[in-house]
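Here is a short report on a protein and its DNA. Look at the structure, then read on.

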There are 2 protein chains.
Amino acid sequence: MSGERGGLGPPQTLKLNATAASVLGLLHRGPMTGWDVARLAEVGLGDFWNVTQSQVYRELRNLEALGLVVAGPAGRRDKKPYAITDSGRDAFAVWIRREPGADLIRSPLLLMVFFGSHLDPAHRQRFLAIQRLRHEQTLDEYRRILDQVVHDEPDLAKVLQFAVFHEQAVLQWFAWLEHEERPG
Amino acid sequence: MSGERGGLGPPQTLKLNATAASVLGLLHRGPMTGWDVARLAEVGLGDFWNVTQSQVYRELRNLEALGLVVAGPAGRRDKKPYAITDSGRDAFAVWIRREPGADLIRSPLLLMVFFGSHLDPAHRQRFLAIQRLRHEQTLDEYRRILDQVVHDEPDLAKVLQFAVFHEQAVLQWFAWLEHEERPG
DNA sequence: CTGGGCATGTAACTCGTTACATGATTAG
DNA sequence: CTAATCATGTAACGAGTTACATGCCCAG
């Protein structure tokens, strides 16, 4: 009864959360310090799976405790390079076979629109204009990066292509909104 | 030094988080129990600003402590209707004037695609097919609801229209992906 | 050799999720 | 009357965010 997972036997069913799994995934590229993992996560997953530095460090500590990564000898400062272990690779392989869950979107902008009647039109339109501009820039940015990586990193390119379609949809919506507000 | 916010003077700059603000926003429609707020949040904000029951209850407690809502007399069971106060209205009005921040998207699907090379093609395609189907259904659903509310609830309709554009973009991406995988 | 920014990591806090408890209401 | 489901709420946990500490490196 007590000690149902007391330490003996390989933990068959350890459940990795998605953030931990991402860290493991990135470590497939070779040993890295927490800082580097965080940076890679930011550029690669960027806007579709946000991971902060602190999370990375926490997960690395957890993963080490589980034996899924090992820390190499600390270099300058505390700089510890972590490397994925074989169990780590196994755990990741198991994780990535689960069917992916539903997307989570959290949009302050849509929240604002939903409560739009509580906001005077001037404010509303100003906010919309700002956001629209921002999304236009974001779209350009995605297109630029996509061009750069399209040949070398096909998986990243797929993600970026999603980003492009998504941003286009957002802009389409802005256009539609303006058309709506017009007639009066 | 001690007690920088010790209790005297109106808390000019109390910072409402977005979830608390949503609760206040919904309470503009009239007094409601936590359950009702949660239900409204789910149908209205639904997929673009997720709010769970527990959060609602917690925020209601906080808001009451701050004097932004008041609880009426408990009815059957613990059923407590909460009503927004004048300070509540003020706080909400202040909140909704802040410029909305960036969207947060957290997509297990894109995570999977990003790590796609670690997954065998069979799995990958199966997952994509499942998700695609799901998004097709979701789009239909949004269109249906949009039709229902388009006349009575313009703000909700705007949100739903966004949902439709978004889902269309997702489907566009799926189509593009298949086209990509094809040639070999 | 010093001051500012970058690299590296930890700690504390807030928020979101999951699990649970229990009274009402309805179907059979 | 009893079982199932719905309504209502609390508690505990896990994940995400913000704030901080401190060593390294380079420009002046």
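## DNA strand D

A polar side-chain atom of Asn50(A) sits 3.4 Å from a phosphate oxygen of DNA strand D. Ser54(A) reaches a base instead: one of its polar side-chain atoms is 2.5 Å from a base oxygen of DNA strand D. Chain B takes part too, with a polar side-chain atom of Arg106(B) 2.2 Å from a phosphate oxygen of DNA strand D. Elements giving two or more residues to this surface are H3 of chain A, plus helix H2 (34-44) and H3 of chain B. Helices (H or I, at least four residues) and strands (E, at least two) are DSSP runs, numbered from the N terminus. H3(B) gives the most to the surface near DNA strand D, namely four residues.

There are 21 residues around DNA strand D, and Ser54(A), Gln55(A), Arg58(A), Trp35(B) and Arg106(B) come nearest. Near here means that a heavy atom of the residue lies within 4 Å of the molecule or strand. By class, this surface has two nonpolar, ten polar and nine charged residues. Ala, Val, Leu, Ile, Met, Phe, Trp, Tyr, Cys and Pro count as nonpolar, Asp, Glu, Lys and Arg as charged, and the others, Gly among them, as polar. Of the atoms of DNA strand D within 4 Å of the protein, 60% belong to sugar or phosphate, and the rest to bases.

## How to read the model

This is a predicted model: local features need pLDDT of at least 70, side-chain atom pairs count only at pLDDT 80 or more, and totals for chains, interfaces and linings use all residues. Residues are numbered from 1 along each chain as its sequence is written, chains are lettered from A and ligands numbered from 1 in the order in which they are written, and side-chain values use heavy atoms, with hydrogens and water left out.

## DNA strand C

DNA strand C is surrounded by 21 residues, and the closest are Trp35(A), Arg106(A), Ser54(B), Gln55(B) and Arg58(B). The surface near DNA strand C has two nonpolar, ten polar and nine charged residues. Helix H2 (34-44) and helix H3 (53-66) of chain A, with helix H3 (53-66) of chain B, each supply at least two residues. H3(A) provides the largest share, four residues.

A side-chain N or O atom of Thr33(A) is 2.8 Å from a phosphate oxygen of DNA strand C. Ser54(A) has a side-chain N or O atom 3.0 Å from a base nitrogen of DNA strand C.

## Where the chains meet

In the protein interface, 60 residues of chain B are in contact (heavy atoms within 4.5 Å) with 60 residues of chain A. Together the chains bury about 6,300 Å², 69% of it on carbon and sulfur atoms. Buried area is the accessible area (1.4 Å probe) that two parts lose on being put together, summed over both. Ile105(B), Arg106(B) and Phe114(B) supply 13% of the area that chain B buries against chain A, more than any other three residues.

How many salt bridges cross this interface? The rule finds two. A salt bridge is a side-chain nitrogen of Lys or Arg within 4 Å of a carboxyl oxygen of Asp or Glu. Arg134(A) and Glu99(B) form one of them, at 3.1 Å from N to O. H7(B) gives the largest share of the chain B side, 15 residues. By class, that side has 32 nonpolar, 16 polar and twelve charged residues.

## Two domains in chain A

Chain A is divided into domain 1 (18-95) and domain 2 (108-181). These bounds come from an automatic or database domain assignment. The C-alpha centres of the two domains are 31 Å apart. Their contact takes four residues from domain 1 and six residues from domain 2. The count of salt bridges between the two domains is zero.

Terms used:
Polar contact = N/O pair within 3.5 Å; in protein donor to acceptor, adjacent residues only side chain to side chain.
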